[in-house]
Amino acid sequence: MGSLVLSGVARSFGDVAAVRDISFEVPSGTTFGLLGPNGAGKTTTMRMILGILVPDRGSVAWNGAPVDLATRRRFGYLPEERGLYGKLKVREQIAYFGRLHGVPPPLDRKRADAWIERLDLGEYADRRCGELSKGNQQKVQIACAALHEPELLVLDEPFSGLDPVNAETLLDALRGLKAAGTTLILSSHQMWQIEDLCERFCIIADGTVRVTGTLTELRAAWPTRVIEIEPPSGALRAALDAEPQARALPLADRAVLAYEVPARADVAAMLRRLVAAGDVTRFERVEPRLSDIYMRAIGAEA
Amino acid sequence: MNTVGVIFSAEFERRIRSRAFLIGTVIGALAIGALALLPGLLGGFASSTKTIVLVGDPALTSAAAKLLKRDFSIVATVPRLAQTPTVAYLDAHGKASAVAVLERRGDALHVVAYTRDPGGMRTAFATDLAPLQIGLATGTPPSEVAAHTKIAVEEHDVSGRFADASQAVAAKGIALAFIVLLYLAILLNAQSIVMAVAEEKTSRIAELLVAAIDPAQLLFAKILAATATSFVQLAVWIGTSVVVGKTVAGFFADAPAAAGAPALGVTAPEILWFIVFFIIGFIQCAVIFAAAGSLVNRSEDVGSISGPLYIPIIGAYIIAQFALQFPNAPNVVVFSFVPLLAPFVMFTRVVVGSVPAWQLVVSISINVLAAVALAWFSGRVYRVGMLMYGRLPSPRQIVAAMRQR
C-alpha cells in the first residue's frame with residue numbers, strides 16, 4: 001500500500017524556524033489529523049507536502065518517490081484562507097480548477113455539476129462566487145479541490161468559520177471522499193469533528209512532532225484515566241478518598257464523582273471496594289479525549 | 001490541453017470579458033477616432049480664425065489683399081478706423097479674428113494688427129506681405145516681385161528611403177500613431193496585469209495555482225494571455241483609425257490626410273516592425289509589472305509599487321517624440337539600444353529614418369536577451385512574492401527570499 005512519508009522536514013523563514021523536524025507517515029486511504037496550536041507549523045508542513053514551499057531539510061515522498069509537479073497535480077488542496085475568483089461563476093470556477101489538474105472538457109463540467117448537486121449549490125451554480133456567503137464559498141472551494149478525484153487531499157482548517165449546518169455538509173463530503181479511498185490530511189481546532197473523522201493523528205508544536213498514531217495508540221500512551229461514579233454520596237466519596245492512587249477531580253456542574261487514576265490501576269478491584277462501601281449506580285472508566293491528549297502534548301494542560 | 005493552455009485560455013477569456021478591457025478598448029477607440037478627426041477639425045477651426053478686416057489706403061490694401069489671400073480671408077476693406085477696434089467691432093465684421101491696419105511709412109510698409117489671438121499672425125503677415133514691402137522699396141509691382149520670390153525647393157532623402165518629403169512626413173505620422181498605440185497598450189495592460197496578479201495573491205488563489213503549476217509556467221501563461229489580449233485591443237484600435245481615417249479623407253478632401261489618417265498607407269514592413277517591437281516591449285514591461293503585483297498584499301498598495309515602473313515607459317514615449325524629429329541624433333541612437341526604451345525609440349527610428357542593419361540586429365538581440373533576463377528575474381520575484389505576506393517587503397528581503405527559494 002502506498003503512503004505519504006515526511007522524513008525530518010524543516011523550513012525556516014529568515015531567522016524564524018517554522019518547522020524544525022517533522023516526520024510522519026500517512027498510509028494511503030487514511031484520514032489523518034494534523035493538530036497543533038497557532039504557529040505550530042501545520043500550514044508550512046502542508047505547503048511543503050504540496051510543493052508550494054521547498055523544505056530546507058528532509059524529504060516528502062508519495063508512494064516511495066519524491067513529490068514532483070506531476071504528483072502534485074494528483075493532489076488537492078483546500079487552503080485555510082479561501083482562494084476563489086470573485087467574478088467567476090460557481091460552475092465555471094469548479095470546472096476551471098478541475099482542468100488545472102488535468103480533467104478534460106466536457107468531463108470537467110459534468111463533474112462540476114455533480115459536485116454542485118452534492119453540496120446543494122444548485123441555485124448558485126450561475127452566480128458569481130463573490131456574491132456567495134462564506135459557507136457557500138467554502139463548499140465551492142471543496143468542490144474545486146476535489147473535482148479531479150485527488151489521491152491525496154490536504155485541507156487546512158476546513159471547518160473554520162462554518163456554521164453547524166455547513167460544517168455537517170462538509171463533513172458529509174469528506175466522509176464521501178474517505179469512502180472513495182481518498183487519502184485526507186486535515187488540520188482543525190474543532191476536536192470533536194476531527195476525532196470523529198480521522199483514523200490517525202499527529203500533534204505538532206513549535207515545529208516538532210509531539211505525538212503521532214491512532215487514537216488507540218495515543219490513548220495507550222496516556223498515563224492516567226478518569227473514573228466517574230454515581231451517585232455522589234458521602235460513603236462513596238470517603239471510599240474513593242481512601243484509595244491511594246485516586247485523585248479527586250473537580251466536576252462542579254455534574255452530579256458525579258470524578259477521580260483520576262493511573263492507566264494501569266486495577267479498577268475492577270477498586271469497583272469491588274466501592275460496592276462494599278455503598279450503592280453504586282454507575283462506574284465508568286473514561287478514555288482520554290483527543291482534546292485532553294492534545295492539551296498535554298502541546299504542554300498547555302490546566 | 002496542458003496546464004499552460006488551460007491558464008492561458010482562462011486568463012484570456014477573463015481579460016477579454018473584463019469591464020476594464022471593454023472600457024479601455026472603447027475609450028481607446030474613441031480617442032484614436034478623435035485623433036484621426038482632429039487635423040480635419042483643426043483645419044476647419046484654422047480657416048475660421050483667419051478672417052480679417054483690412055484698413056488703409058485703397059491702393060495699398062488692394063495690392064495687399066491679393067498677397068494675403070494665401071493665408072487669410074478678407075471680410076471687409078475700409079480706408080480708415082474711427083477708433084481703436086474692439087471685440088464688438090470684430091463681431092460686427094463677420095466675427096473677424098483681426099483688423100490689420102496698413103500704412104506706408106517712406107519706402108516701408110507698417111502693419112498694425114488688432115487681434116483676438118496676439119502672436120498668432122505675425123509670421124503670416126511678414127511672409128505674405130514681403131513682396132509688397134519690396135515693391136514699395138524698389139518700385140517693382142508687388143505681383144511681379146511675388147512671381148520672382150516663388151522658390152522651388154526639393155528635398156531628397158540621401159539614404160534613398162523616401163522618394164520625396166511628403167513620404168517622410170507621412171512616415172512620421174504613421175510612427176507617431178504607432179507610438180501612441182504602443183504606449184496606450186502597454187500602459188493599460190500593465191495596470192491590469194498588476195491588478196490581476198495582486199488579486200490572485202490577496203485572495204490566496206496563488207497558493208492553489210502554485211500547488212498545481214510551476215510558477216514560471218504560470219507567469220508565462222499569464223503574460224501570453226495579456227499579450228494576446230492587447231493584440232485584440234490593438235486590432236480594434238487600428239481598425240477604428242482606418243475606418244475613421246477613410247471617413248476623414250472623404251469629409252475633408254483638402255485636409256492633410258496623411259496626418260489625419262495615420263493608418264492609411266501603412267506598409268507591411270512597418271506593421272512587421274511594430275509587431276516585433278510591440279512584443280519585445282510588452283513582455284519586458286509585463287513581466288516587471290507581474291513581479292510587482294506579486295509583492296502586493298493589499299490592493300491599496302498597487303499604486304505605490306507600480307507607480308515608479310511607469311517612469312521608463314513615459315520616458316521612452318518622450319524620447320520617441322524626439323526621435324521622430326531627429327532619428328539619427330547620437331543620444332537617440334544610444335537610447336535605441338537600451339531595454340525598455342528601445343521598443344519605442346528603435347521602432348521610431350526604423351519608421352522615420354534609415355537605421356543600419358547592424359544596429360537593428362544588435363538592438364533586437366539586446367532587447368530579446370533583456371526580455372528573457374527580466375522574465376527570469378521577475379519569475380524568481382513572482383515565485384517568492386506570491387507566497388510572501390505581511391508588509392511590503394524591502395529589496396533586501398526579496399533577495400533573501402529568492403536565495404531561499
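Me: Hey, where is A:Pro231 found in chain A?
Reply: A:Pro231 sits in the loop between β11 (224-230) and α9 (234-241) of chain A. Keep in mind that this is a predicted model.

Me: OK. What kind of peptide bond joins A:Glu230 and A:Pro231?
Reply: That one is cis, and omega is about -5 degrees. Another cis peptide bond runs from A:Pro105 to A:Pro106, with omega near 0 degrees.

Me: And where is the place of A:Pro106?
Reply: Look in the loop between α3 (90-100) and α4 (107-118) of chain A.

Me: What about A:Glu157, what's its phi?
Reply: A:Glu157 has a positive phi, about 50 degrees, although A:Glu157 is not a glycine. You'll find A:Glu157 in the loop between β7 (152-156) and α6 (164-179) of chain A.

Me: Switching topic. How many salt bridges does the structure hold?
Reply: Over all chains, there are 29 salt bridges. One of them pairs A:Asp206 with A:Arg20, with the closest N and O atoms 3.7 Å apart. This pair links distant parts of the chain, as the two residues are 186 residues apart.

Me: Which elements are those two in?
Reply: A:Asp206 is in the loop between β9 (200-205) and β10 (208-214) of chain A, while A:Arg20 belongs to strand β2 (residues 16-27) of chain A.

Me: Why can side chains pair like that?
Reply: Side chains of opposite charge can do so when their charged atoms come close.

Me: How many salt bridges are there between chain A and chain B?
Reply: The count there is one. A:Arg47 forms a salt bridge with B:Glu207, and their closest N and O atoms are 2.5 Å apart.

Me: How much area do chain A and chain B bury between them?
Reply: About 2400 Å², with 55% of it on carbon and sulfur atoms. In chain A, the residues losing the most area to chain B are A:Ile52, A:Tyr85 and A:Leu100, together 24% of what that side buries. The contact takes 29 residues from chain A and 24 residues from chain B.

Me: Now chain B. At what angle do the axes of α14 and α16 cross?
Reply: In chain B, helix α14 (residues 310-325) and helix α16 (residues 342-352) cross at roughly 20 degrees, and their axes come within 8 Å. Angles under 35 degrees count as roughly parallel, so α14(B) is roughly parallel to α16(B).

Me: Is that crossing left-handed or right-handed?
Reply: The crossing of α14(B) and α16(B) is right-handed. Among the residues making the contact are B:Ile313 and B:Tyr317 of α14(B), plus B:Phe344 and B:Val345 of α16(B).

Me: How do the contact residues divide into nonpolar, polar and charged?
Reply: For α14(B) with α16(B), ten are nonpolar, one is polar and none are charged.

Terms used:
Residues are numbered from 1 along each chain as its sequence is written. Chains are lettered from A and ligands numbered from 1 in the order in which they are written. This is a predicted model: local features need pLDDT of at least 70, side-chain atom pairs count only at pLDDT 80 or more; totals for chains, interfaces and linings use all residues. Side-chain values use heavy atoms; hydrogens and water are left out. Axes are lines fitted to C-alpha atoms, for helices over the stretch in contact, and angles run from 0 to 180 degrees between N-to-C directions. Helices (H or I, at least four residues) and strands (E, at least two) are DSSP runs, numbered from the N terminus. Angles under 35 degrees count as roughly parallel, over 145 as roughly antiparallel, 65 to 115 as roughly perpendicular and the rest as oblique. A crossing is left-handed if the near helix is turned anticlockwise from the far one by less than a right angle, and right-handed if clockwise. Contact means heavy atoms within 4.5 Å. Ala, Val, Leu, Ile, Met, Phe, Trp, Tyr, Cys and Pro count as nonpolar, Asp, Glu, Lys and Arg as charged, and the others, Gly among them, as polar. Buried area is the accessible area (1.4 Å probe) that two parts lose on being put together, summed over both. A salt bridge is a side-chain nitrogen of Lys or Arg within 4 Å of a carboxyl oxygen of Asp or Glu.
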